[in-house]
Amino acid sequence: MITNNKRSVHDHDMETDWNIEVEWLLNQLEETYLKEHPVCLFSEIISCIITGDLTELEDCTQQKVFFNYYQDLLKNYPSLQQNLFFYLIGSTFTAALIGGMDVNRGVALSQKYFKKARDQKRPEDLALLNQTMLKEYTEEVSCFQKYNAVYHPAVKYTIQYIADHIFEKINFVQLSNACGYSLSRIQHLFLEQKGCSLKSYIRNEKIKKACFLLRYSQDSCAHISQKLSFSSQSWFTEQFKKELKMTPAQYRKKYQKSHYKDSLL
């Protein structure tokens, strides 16, 4: 028995054994699929994460073979289901760090998906969770790479603050104090470098997060509205429709149906 949170040598050896076995399984599956489906190999997906390429990742993960590839691993080696997913979390986390993701943010995402994986029993559910994880990590890397290289520090800090507080009702005074610049300075630089007002940017980021939740979660539209701190569901719907020319419910019907259909093939 392990006590006081200490790990025995035996436990370390067991962990090493399954890590080696999982790596071997991945290599075997890649060799099997390489001849027919090179675009969906895990190495290609890792490259998408490192470069923050959401479009290419979408192309890879929307193909049926992606799920066949992953579910074959889980179905053929049921004793390794969760361990395999944990291994993939580690690989995805590492790729995101290479792409520039903040370490603390990466750790928080990893912990979230470790917890979610423990509640999944079926291979198809783990495969679906894996797809969601890949998209979220890649989205984070993409956001980092877009603003990190070219913007004034006040704009960088503001973008990061908004990302960290996206589920809150963002207070401009608190934002200004946290970033260390006057609100007028932030607003001027934001309009100059981002081409939109600070208020519009916050709204658009919340809408983007809402789209992600509508496609990859089971949260109701009302819950998503509340989660993202919109003043009311009707206001959320109005702003969503203004941006995407459809209601949240219409968006979910259009995109989530296709997502689940592909994921279960």
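Reply: The largest nonpolar core has 32 residues. Inside this core, I162, L175, I224 and F240 have the most contacts. A nonpolar core here is a set of buried Ala, Val, Leu, Ile, Met, Phe, Trp, Tyr and Cys residues joined through side-chain atoms within 4.5 Å. Buried means under 20% relative accessible area, exposed means over 50%, and partly exposed is in between (1.4 Å probe, protein chains only). At least two core residues each come from α8 (153-164), α9 (172-179), α10 (183-194), α11 (198-216), α12 (221-227) and α13 (233-244). Helix α11 gives the largest share, ten residues. Helices (H or I, at least four residues) and strands (E, at least two) are DSSP runs, numbered from the N terminus. In soluble globular proteins, nonpolar side chains tend to be buried together.

The model is predicted: local features need pLDDT of at least 70, side-chain atom pairs count only at pLDDT 80 or more, and totals for chains, interfaces and linings use all residues. Residues are numbered from 1 along each chain as its sequence is written, and side-chain values use heavy atoms, with hydrogens and water left out.

Take I162 next. Leaving aside neighbours within four places in sequence, I162 touches I170, L175, L198, Y201, I202 and E205. Contact means heavy atoms within 4.5 Å. Another core, of 22 residues, lies apart from the largest one. Its members include I49, M101, L129 and V141.

E205, a contact of I162, also forms a salt bridge with K208. Their closest N and O atoms are 3.1 Å apart. A salt bridge is a side-chain nitrogen of Lys or Arg within 4 Å of a carboxyl oxygen of Asp or Glu. Both residues lie in α11, three residues apart, about one turn of the helix. E205 is buried at 16% relative accessible area, whereas K208 is partly exposed at 39%.

Helix α11 has a further link. The side chains of K209 and E139 meet in a salt bridge, 4.0 Å from N to O. Because E139 lies in helix α7 and K209 in helix α11, the pair ties together parts that are 70 residues apart in sequence. E139 is buried, at 17% relative accessibility. K209 is buried as well, at 13%.

The structure holds seven salt bridges. In one of them, E136 pairs with K112, and the closest N and O atoms are 2.8 Å apart. E136 sits in helix α7 (residues 123-148) and K112 in helix α6 (residues 103-118), 24 residues apart. E136 is buried, at 4% relative accessible area. K112 is partly exposed, at 33%. Salt bridges that share partners join R105, K112, E136 and E140 into one network.

Confidence comes last. pLDDT is the predictor's confidence in each residue, from 0 to 100. The chain has a mean pLDDT of 76, and 71% of its residues reach 70 or more. Helix α12 has the highest confidence, at 94. Helix α1 (residues 9-34) has the lowest, at a mean of 46. Over residues 1-19 the pLDDT is below 50, and this stretch has seven contacts beyond near neighbours in sequence. Residues 259-265 also stay under 50, with 18 contacts beyond four places in sequence.
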